[in-house]
Amino acid sequence: MAHRRLSGALFREVMAAGAAALERHKEEINALNVFPVPDGDTGTNMALTVSAAFRETGSDPQFSLADVAQRASRGALFGARGNSGVILSQFLRGFAHGIGRQESVDGRGLAAALAQATATAYRAVIKPVEGTMLTVGKGASDAANRAALGGADLVEVLEAAVEGAREALAKTPKLLPILARAGVVDAGGQGLVRFLEGALAAVRGEYRQAPPSPLPGKAILASEAPGSKPADQFGAIAHEAVTFRYCTEFLVRGRHLPIESIKAELKDLGDSLLVVGDPELVKVHVHTNNPGRALEIGTRYGELLNVSVSNMQEQNRHAAQRALGAEPNPAANGQLKRIGVVAVVQGEGWQQLLASLGVDQLVSGGQTMNPSAAELVTAIEAVPAKEVVVLPNNRNVVFAARQAAELAGPGRRVHVVATRTAADAVAAMMAYNPEGDPEDVVPGMEESAKRVRIAEITRAVRESQAWELPVQAGDFIAIVDGEVRAVGSTAEQAALAILREMAGEDATLISVYYGDKVTPDAAKALAHQVRENWAHCEVEVYGGGQPVYAYVLSVE
Amino acid sequence: MEKIRVVTDSGADIPENLVQELGIRVVPLTIHFGAEERQDGVDLSPEEFYRRLAAGEMSHTSQPSPAQFETAYRELVEEGAEVIISCHLSSTLSGTMQSAQLAARAVDVPVRVVDTRSASRRVGLVAIEAARPARAGEPVSAIVQRLESIIARQRVLFMVDTLEYLQRNGRIGKAQAFVGGLLNIKPILTLEDGVVAPLERARGRARAVARLFERMAQTAAGKLRVAVMHSQADQEAAGLAERIRSRFDVAEVITGLLGPTIGTHVGPGTLGVVYHSV
């Protein structure tokens with residue numbers, strides 16, 4: 001049966017339906033990649049972000065729309081992965097803001113909140129670009145508001161929003177030439193359409209499918225937590241009225257901490273369980289009615305730091321402001337330094353290189369697995385410094401890094417140096433001085449990263465006419481500054497071709513970082529050829545161990 | 001007019017021709033190779049020193065004794081000195097100041113002991129700035145006052161080939177943060193309040209030399225007095241001096257080798273620049 005008003009319980013269902021729709025369509029969205037490279041993950045990122053939002057909504061049937069929208073907003077802000085996930089989280093944040101304290105809304109109230117959602121998302125992006133998810137969101141909210149002005153009801157307003165989103169999506173290739181050349185629509189925009197379609201099904205009373213499956217990979221929410229049970233049990237749980245009042249967070253410091261065992265012990269205490277970290281430092285987040293018991297479990301494994309227990313009914317009012325009580329802890333690494341660094345990186349070789357250059361916290365992830373804002377917040381808070389530089393090392397992690405910078409606890413200043421690759425991070429680290437003045441060091445790191453030229457070599461999985469150079473499936477392509485700039489039939493050929501373009505008379509150092517599928521011998525052979533052709537340069541070779549990209553080359 | 005003479009130590013790295021020309025008295029630090037003791041500049045030349053480092057020998061230094069300073073001061077008094085200005089390695093890096101101060105009390109003429117809060121050519125430039133006006137007959141109080149102002153204005157930038165020597169000799173200071181690293185990295189350092197402090201790192205020597213120059217260009221202004229010093233990096237030092245001459249308004253660029261005293265602590269392959277506005 002179609003709903004007339006959007007209540008808290010219905011909005012929770014909307015989130016479940018939106019997450020399920022994204023989950024169902026994520027491969028289709030992932031495939032909308034302007035590069036002919038198998039690394040698109042916009043669909044995965046958006047599905048994970050909405051799943052995180054849904055899981056945070058809680059299961060209390062008494063929750064107002066305001067309560068649920070705030071909770072979803074908070075869950076999305078922390079769970080945001082990739083640029084698309086971050087923008088989606090900003091839509092949800094604006095939506096919650098637009099709902100304000102309302103118990104429920106009709107079609108007109110929904111349209112107003114959607115307008116607020118769009119405005120907030122535009123504001124969150126430093127340089128809004130048309131032809132992206134923002135355009136699609138605006139198409140949805142504009143159409144919704146036109147319908148509401150005409151007196152449409154809840155379902156009709158959302159129908160208009162879906163239609164407006166689809167029309168705007170179809171226009172994205174006209175607005176962004178790169179999409180037109182690649183023959184695709186914007187992936188984030190497609191994701192937003194799928195999300196709204198899911199939402200519409202819920203509002204029409206047609207949503208009966210399973211809510212999102214738990215997160216894959218390293219992340220973290222205990223799948224057995226009541227909050228993420230399948231949809232057919234969803235109603236039952238709601239009737240049990242299980243509310244967990246206290247959001248309990250703390251760090252456990254110890255040695256050889258068994259993350260899985262800690263998770264297992266905590267899982268029956270409540271929901272929204274999050275246990276992340278490494279064997280020396282684990283962050284725990286749980287919603288429970290028994291925070292004392294959670295802390296007691298923590299103390300059995302190690303020393304507790306940054307304990308924070310907050311009453312979520314109070315907290316709903318300031319959902320976006322998360323107080324973690326996160327004064328940097330000098331004890332965490334022995335000594336407090338002036339500036340610390342967090343870097344996101346994929347590949348064991350890169351991790352070792354960056355750690356050796358003084359990076360304090362490494363967050364695993366990159367092109368094919370973007371970390372969530374919450375993972376970045378945890379890493380930031382584990383750095384024993386009041387000033388923390390975050391090196392996202394991927395275009396698609398930059399927004400999540402900026403979001404994490406805002407979400408990180410008080411007492412810290414977080415600077416995002418928008419590095420695009422780990423090779424940029426190496427350059428940025430040259431200007432890093434842990435005891436320097438942040439006003440000098442941070443701009444110095446930015447400049448240093450800009451001084452290097454980077455090329456990434458990978459294999460095309462399909463043909464593409466999007467670039468000046470025609471690309472056949474199976475070709476190796478060199479990507480520089482977001483453009484395909486050289487093509488070769490082997491990775492080494494593509495590498496030499498792009499170096500001819502990038503490494504001129506003024507170059508002094510060429511670095512070759514080879515990926516996980518390249519043998520050291522092949523890399524050495526390439527380096528030998530580079531040395532012969534660029535006799536005036538120093539040439540260095542390192543095993544980065546990165547996936548997808550056979551070689552990352554840097555020229556300085 | 002008082003007759004003023006200037007004393008310094010072998011950590012000042014003043015070229016021999018200037019020592020002769022300005023009549024500066026250099027008291028040597030002792031360089032130890034195991035049980036063998038040599039006097040820097042007396043019975044140990046830089047050439048021999050670096051040859052032995054390259055052969056894998058390890059050296060360390062010890063400060064001159066108060067008696068060595070006392071002897072030097074007395075000899076100058078016999079030559080007619082009425083006042084002595086004694087300029088030395090930073091008290092945070094060496095006990096040389098301590099010995100000089102003890103000796104100063106033992107002689108009959110006034111000895112003004114100046115802590116340059118620095119090392120190498122920075123000490124050398126201060127000693128030279130003391131010796132020139134002293135020969136011209138300026139009063140000692142005016143000279144010492146000017147030296148303090150020069151010390152405050154002086155900047156030093158240097159790159160080392162490896163941090164190993166600074167670390168082994170316990171002079172690494174805050175540059176400890178730059179130790180380690182899997183890449184071919186050259187640290188760029190400075191002295192802050194007489195302690196070695198990190199500035200940045202560069203990949204490879206060519207970039208490091210370029211960054212030294214760029215950093216100097218960011219901070220230097222006006223007419224400059226410059227010293228370029230190096231340990232077995234003659235060509236890079238000459239190139240850097242040439243770039244400095246063509247880029248800045250310079251009163252003087254003195255180029256020369258780091259002697260065994262400083263060489264012990266920074267090792268071969270070090271290149272640095274000291275400058276202050278005139």
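**Helix packing, chain contact and a sheet**

H5(B) and H6(B) are roughly antiparallel to each other (over 145 degrees). This is a predicted model, where local features need pLDDT of at least 70 and side-chain atom pairs 80 or more, while totals for chains, interfaces and linings use all residues. Residues are numbered from 1 along each chain as its sequence is written, with chains lettered from A and ligands numbered from 1 in written order.

Student: At what angle do helix H5 and helix H6 of chain B pack?

Tutor: Helices here are DSSP runs of H or I, at least four residues, and strands are E runs of at least two, numbered from the N terminus. H5 covers residues 121–136 and H6 covers 140–153 of chain B, with their axes 10 Å apart. Axes are lines fitted to C-alpha atoms over the stretch in contact, and angles between N-to-C directions run from 0 to 180 degrees. The packing angle is about 150°.

Student: How many residues of chain B are in contact with chain A?

Tutor: Contact means that C-beta atoms, placed from the backbone, lie within 7 Å. By that test, 16 residues of chain A meet a chain B set that numbers 16.

Student: Nice! Which element gives the most to the side of chain A that touches chain B?

Tutor: Helix H14 (348–356) and strand E13 (538–543) of chain A each supply at least two residues. The top contribution is 3 residues, from H14(A).

Definitions and conventions:
Parallel < 35°, antiparallel > 145°, perpendicular 65-115°, else oblique. Contact = placed C-beta atoms within 7 Å.
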